[in-house]
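Please walk me through this model in the viewer. Tell me what to select at each stop, and what I will find there.

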Amino acid sequence: MASYRRFKPRIARPIEDPRLPPPPAAVVDAVLRYHDREDEQGSGFTLLRLSPERIRQREVKTALGAHAARAARVSILWNERESEIIRVLEAA
């Protein structure tokens with residue numbers, strides 16, 4: 001006699017990605033336009049950021065809208081020689 005077990009088929013559950021989606025283009029654009037902190041990283045690279053004081057200014061608030069809190073966590077690694085973005089970084 002054969003013994004058969006009845007198993008429920010497993011339902012594939014989607015895997016939840018713990019990472020945040022990339023910052024919106026408006027946030028990256030605002031950091032490039034309105035940054036007030038530049039930290040030299042060497043070899044022609046600079047880290048661009050917005051200070052809390054700068055984020056509170058009217059023109060920056062208008063550009064960011066609801067993304068102001070997120071913009072405070074975003075930094076852009078900028079290549080001075082090529083005038084291009086190397087990487088967009090976001091603090092947890």
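The tour covers salt bridges and then the nonpolar core.

**Stop 1: Arg49 and Asp39**

This is a predicted model. It holds five salt bridges. Select Arg49 and Asp39 to begin. Their side chains meet in a salt bridge, at 2.8 Å from N to O. Now colour the strands. Arg49 belongs to strand E2, residues 45–49, and Asp39 to strand E1, residues 37–42, so the pair ties together parts that are ten residues apart in sequence. How accessible are the two partners? Arg49 is partly exposed, at 26% relative accessible area. Asp39 is partly exposed too, with 28% relative accessibility.

**Stop 2: Arg54 and Glu59**

Move on to Arg54 and Glu59. These two form a salt bridge, and their closest N and O atoms are 3.0 Å apart. Is Arg54 buried or exposed? Arg54 has a relative accessible area of 16%, and the cut-off for buried is under 20%, so Arg54 counts as buried. Glu59 is partly exposed, with a relative accessible area of 43%.

**Stop 3: Glu90 and Arg70**

Select Glu90 and Arg70 next. Their closest N and O atoms lie 2.8 Å apart, in a salt bridge. Distant parts of the chain are linked here: Glu90 sits in strand E4 (residues 84–90), Arg70 in helix H4 (residues 68–71), and the two are 20 residues apart. Glu90 is partly exposed, with a relative accessible area of 26%. Arg70 counts as buried, at 16% relative accessibility.

**Stop 4: the largest nonpolar core**

In soluble globular proteins, nonpolar side chains tend to be buried together. Which residues have the most contacts inside the largest nonpolar core? They are Leu50 and Leu64, in a core of 15 residues. Show the elements around them. Helix H1 (25–34), helix H3 (58–64), H4 and strand E3 (74–79) each supply at least two residues of this core. H1 gives the largest share, five residues.

**Stop 5: around Leu50**

Centre the view on Leu50. Which residues does Leu50 touch, leaving out those up to four places away in sequence? The list includes Ala30, Val31 and Tyr34. His35 and Asp36 are also among the residues that Leu50 touches. Then select Ile55, Val60, Leu64 and Ala71, which Leu50 touches as well.

Terms used:
Residues numbered from 1 in each chain as written. Predicted model: local features only at pLDDT ≥ 70, side-chain atom pairs only at ≥ 80, totals over all residues. Heavy atoms only, no water. Salt bridge = Lys/Arg side-chain N within 4 Å of Asp/Glu carboxyl O. Helix = DSSP H or I, 4+ residues; strand = E, 2+ residues; numbered from the N terminus. Buried < 20%, exposed > 50% of the residue type's maximum accessible area, 1.4 Å probe, protein only. Core = buried A, V, L, I, M, F, W, Y, C linked by side-chain atoms within 4.5 Å. Contact = heavy atoms within 4.5 Å.
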